[in-house]
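Please examine the following structure with its sequence at hand. The explanation below leads through its ligand site, its domains and some details of its backbone.

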Amino acid sequence: MLDKIKKYQEEIAQFSATEISEVENFRIQFTGSKGIIKSLFKDFKEVPNQEKKAVGQALNVLKNAATDKVKTLIEALETSVAEKGIYGDLTRPQAPIEIGSRHPISIVKNRIVDIFSRIGFTVSEGPEIEDDWHNFSALNLPEHHPARDMQDTFFIEKNPDLLLRTHTSSVQVRYMDDHEPPIRTISPGRVFRNEDISARSHCIFHQVEGLYIDTDVSFADLKQTLLYFTKELFGKSKIRLRPSFFPFTEPSAEVDIYWGLETETDYRITKGTGWLEIMGCGMVDPNVLKNAGIDSEKYTGFAFGMGIERIAMLLYQIPDIRMFYENDVKFLEQFKAVT
Ligand code: PHE
């Protein structure tokens, strides 16, 4: 037994460590609850009486040696870490940190907001759960009006007056309630329509709608504003306005931009025409102004609205709208370089 103790004594004396974890292993090995010293103390019971004194002393010395060793090694290692400073070794290569990217919808929304804010538009927001008045009736779409069918609506079952807004025109109604002209505001936001999900349409998407109300606002102002916008966003300087219908504007138009026919993709996405439809617009119907308490004799205005997904699909050549909502990292990572 004494030989065994001597052997361990030497082992302890020779042990040294460069990492705290090594010291911890050593501690467990010697003084842990299932360690060498514990088991030696167990064997001690079997030692013949005449040897007990010598072996007992040797065991205590061994035990103290192990505990002291652990203590001194830990102190030494901790001071050497402290001496390196709180930042550790600054020359060590850093583990790479993944940088996130903005979602393409946010990128495009921010760009649109930026373009309009440069010509004095403010940003306004409103609730996604709307009442009938702000989403429909105030916008010249009374109950049972057939044009309501254009916007397949999600109603809230418990309260038929509540629905998920089908466009952000509702925000503009709220804005007109709270502000006097001149009004220049854009309303970006999420909208909902009960449509089948496909590569081209989704039941949740995003819009930016704009509203401009002042004295003497004309259709020419509308066209000029949209031309400025399409030049800034797409770098395209040819647009055309096709007559259309929206209950809240009169006259109304669809805006097409001339995309060009230079590549095969241009042919495909413009169906060989070179033109692409990007938004709806028109002069605010006097009824809508009246509904919001604005003097329609004194003021006129224009409004426009576009889908952010559609614009993003065009800008980044994204073939399927569903990609925006899948949150596939391989898709999202491609926008890292864009701010
Ligand atoms: N609110 C319309 C839509 O969601 C878009 C639009 C806005 C059209 C303003 C004209 C004027 O389809």
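Helices (H or I, at least four residues) and strands (E, at least two) are DSSP runs, numbered from the N terminus. Strand 9 gives the largest share of the shell around the ligand, 3 residues. The model is a predicted one, in which local features need pLDDT of at least 70 and side-chain atom pairs count only at pLDDT 80 or more, while totals for chains, interfaces and linings use all residues. Residues are numbered from 1 along each chain as its sequence is written, and side-chain values use heavy atoms, with hydrogens and water left out.

The protein chain falls into domain 1 (2–87) and domain 2 (104–333), with bounds that come from an automatic or database domain assignment. Taken over C-alpha atoms, the centres of domain 1 and domain 2 are 76 Å apart.

The ligand has 14 residues around it, and His167, Ser169, Arg193, Gln207 and Glu209 come nearest; a residue is near a molecule if one of its heavy atoms lies within 4 Å of it. By class, this shell holds 5 nonpolar, 7 polar and 2 charged residues. Here Ala, Val, Leu, Ile, Met, Phe, Trp, Tyr, Cys and Pro count as nonpolar, Asp, Glu, Lys and Arg as charged, and the others, Gly among them, as polar.

For glutamate 209, the distance from a polar side-chain atom to a nitrogen atom of the ligand is 2.7 Å. On its own the ligand has 320 Å² of accessible area (Shrake-Rupley method, 1.4 Å probe), and the protein covers 92% of this. Strand 5 (204–214), strand 8 (275–284) and strand 9 (300–307) are the elements that give two or more residues to the shell around the ligand.

Some details of the backbone remain. Most residues other than glycine have a negative phi, and most peptide bonds are trans. The peptide bond from proline 181 to proline 182 is cis, with omega near 0 degrees, and proline 182 is placed in the loop between helix 7 (169–178) and strand 4 (183–192). Another cis peptide bond joins glutamate 250 and proline 251, with omega about -5 degrees; proline 251 belongs to strand 7 (residues 249–258). Asparagine 140, which is not a glycine, has a positive phi of about 70 degrees.

Technical notes
Polar contact = N/O pair within 3.5 Å; in protein donor to acceptor, adjacent residues only side chain to side chain.
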